[in-house]
Amino acid sequence: MRDNMDDLKDKNALDAASPAANADTAGPSQNEPQYSLNDDRRVKVLSPGAMVAKRFFRNGVAVFGMVVLIFMFVFSFIGGIISPYAQDEKFFTTEYQLKEYAGVSRNEEFRFAAADGQDFGGAVQAKVILAVSQNASSFQYRDATYTVTEEGRNFYSVSLGDTVIGIAFKDIVSMSTEGAAVSFDFRFNALKAYTNDESSFQADGKTYHLDSDGVMSEGGSEVGFISQYVVQSVMPDVFLTRDFKEKVVEAVESGTSEFIYTSEEGEHEYVISYDPAAKVWSVRQETETYVFDTYSSPSKKHWLGTDKNGMDMLTRLMYGGRVSLVIGFIVVAISAFLGVIMGGISGYFGGWVDNLIMRIVDVFYCIPSTPILIILGSTMDAMRVDPTIRMLYLMLILGFLGWAGIARLVRGQILSLREQEFMTATEACGISVSRRIFRHLIPNVIPQLIVTCTMSLGSTILTEATLSFLGLGVKFPFASWGNIINDVNNTHVLTTYWFIWIPAGVLLLLTVLAFNLVGDGLRDAFDPKMKR
């Protein structure tokens, strides 16, 4: 026995000396943490929210969608704040344009002028034209005899007795001084001298010189001129000088389509075109004009160019994203609020309450929402509703029409939850009905509700964009991605100005895709049967 005990001692001594034995049998060192079997730190327990987040972030596609959404929110909300431009700020530029400046016509019809204090109305003038065409020297009108006297070439005087009451002429007397009046005596004697190729005439107690070109002067100073051409300015406050009129008449008679005229304002180029239907020559002036900087190409000042109103496209895209996202969230919030209330009541009470609410849901499913939205949009156009109020109406209408699907989802979930043990316990504890529904049932529907609302955001944004593209949604000056794309209803814009519609289309596509990807990711993360 003693020998056996000695052998056991020797074996224990050898084991203690062995390094491997020391490593295997050595207890915890002083530096290592000490755990007990009931220590909570031994097992890492995740909360339900953390587990959902962990599952979500394992999904690379869903994370990509989340990154895109974060970028869209930063681009729309923060970008609009730091942008140096306002969403309705217009930019201008100067360019040379041909604008209507004057009209030219050759007077082929008789014109009339009444003597001071005389009645020379339209009926008498018609009688004069008839008498001239018939080479008659007089005519009768209202028991009075009028005398028609040929004073010169295409120039006649009309007398009643010995008194001249008016004249008929084709040549036009124009004064060289702006605002100068032409008296009847001056016009009569000037035309008489001009049509008889005389070199001077007397009028208003003065003697005037008349050259072969029809220029009248007094004391060496030009006072007026006579011509068969009528040259009138398009703008009433613009006075045309004789030199300009002669230049125009010269170009018309020679058939020239362009000419240059130098005035006190500088040298300008003019273009002449003839309208055979109206028998009028149009004179257009090339002027430097301050206009909207429309459809300018991308530059350092405007990274994505400008639109048809001369507004910065990048800034409009930022504010447009803000409007589209806000409308999407508010519409979904309204739909979720109505759907949760109606679905919760329907699923909890059942019976006739459930039947009534579900029939209402069926009615809303049958409502043709698109035609109604088009009709309401047209009505607001006709009533000229303010753009801000119009946007509020749009959100309310879209939200009111979209709650039926959420109500049916909530009702189905609550029908399966209300029979479980925890609901029996709430009833046994005497908890009120509203508390049972909104504190115990609805929170258990939240995961499915979040997934549904997230995926509904994309379709809501698409609906708003479609209405705005049709001109029935968000109106100017507010921007949305839909009414920005509305500019491409012109084929020239579609094919030439790509920077107008491609960026808005890409942003809209990415946003809707991102919401769908995030919705899919949330659905997989909330699924308790998902493979770990």
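In which hand of crossing does helix 10 pass helix 11? In this predicted model, helix 10 passes helix 11 in a right-handed crossing. The two helices pack at an angle of about 160°, and the axes of helix 10 and helix 11 lie 12 Å apart. Since angles over 145 degrees count as roughly antiparallel, helix 10 is therefore roughly antiparallel to helix 11. On the side of helix 10, the contact is formed by Ser 369, Leu 373, Leu 376, Gly 377, Met 380 and Asp 381. These residues meet Arg 390, Tyr 393, Ile 397, Leu 398 and Leu 401 in helix 11. Divided by class, the contact of helix 10 with helix 11 has seven nonpolar, two polar and two charged residues.

A search of the whole structure gives one cavity of 30 Å³ or more. The volume of the largest cavity is about 40 Å³. The lining of the largest cavity consists of Leu 373, Leu 376, Gly 377, Met 380, Leu 394, Ile 397, Leu 467 and Leu 472. Two elements, helix 10 (369–382) and helix 11 (387–401), each give two or more residues to this lining. Helix 10 provides the largest share, with four residues. By class, seven of the lining residues are nonpolar and one is polar, while no charged residue is present.

The crossing of helix 8 and helix 11 is right-handed. From helix 8, the residues in contact are Val 323, Ile 327, Ile 330, Val 331, Ile 334, Ser 335 and Leu 338. Their partners in helix 11 are Met 391, Leu 394, Met 395, Leu 396, Leu 398, Gly 399 and Phe 400. This contact of helix 8 with helix 11 has 12 nonpolar and two polar residues, with no charged residues.

Another helix pair is formed by helix 9 (residues 351–366) and helix 12 (residues 404–417), whose axes come within 9 Å and cross at roughly 145°. The crossing of helix 9 and helix 12 is left-handed. Asp 354, Met 358, Val 361, Asp 362, Phe 364 and Tyr 365 represent helix 9 in this contact, and Ala 404, Gly 405, Ala 407, Arg 408 and Arg 411 represent helix 12. The contact of helix 9 with helix 12 comprises six nonpolar, one polar and four charged residues.

Two features of the backbone were found in loops. Phe 476 and Pro 477 are joined by a cis peptide bond, with omega of about 15°. Pro 477 is located in the loop between helix 14 (433–469) and helix 15 (481–485). Asp 143, although not a glycine, has a positive phi of about 60°. The loop that holds Asp 143 lies between strand 3 (138–141) and strand 4 (144–152).

Key:
Residues numbered from 1 in each chain as written. Predicted model: local features only at pLDDT ≥ 70, side-chain atom pairs only at ≥ 80, totals over all residues. Heavy atoms only, no water. Axes fitted to C-alpha atoms, helices over the stretch in contact; angles between N-to-C directions. Left-handed = near helix turned anticlockwise from the far one by under 90°. Contact = heavy atoms within 4.5 Å. Nonpolar A, V, L, I, M, F, W, Y, C, P; charged D, E, K, R; others polar. 1 Å grid on protein atoms, 1.4 Å probe; cavity = no way out; pocket = protein on both sides within 12 Å on 5 of 7 lines; lining within 4 Å. Points joined across faces, edges and corners; volume = space filled by probe spheres on them. Parallel < 35°, antiparallel > 145°, perpendicular 65-115°, else oblique.
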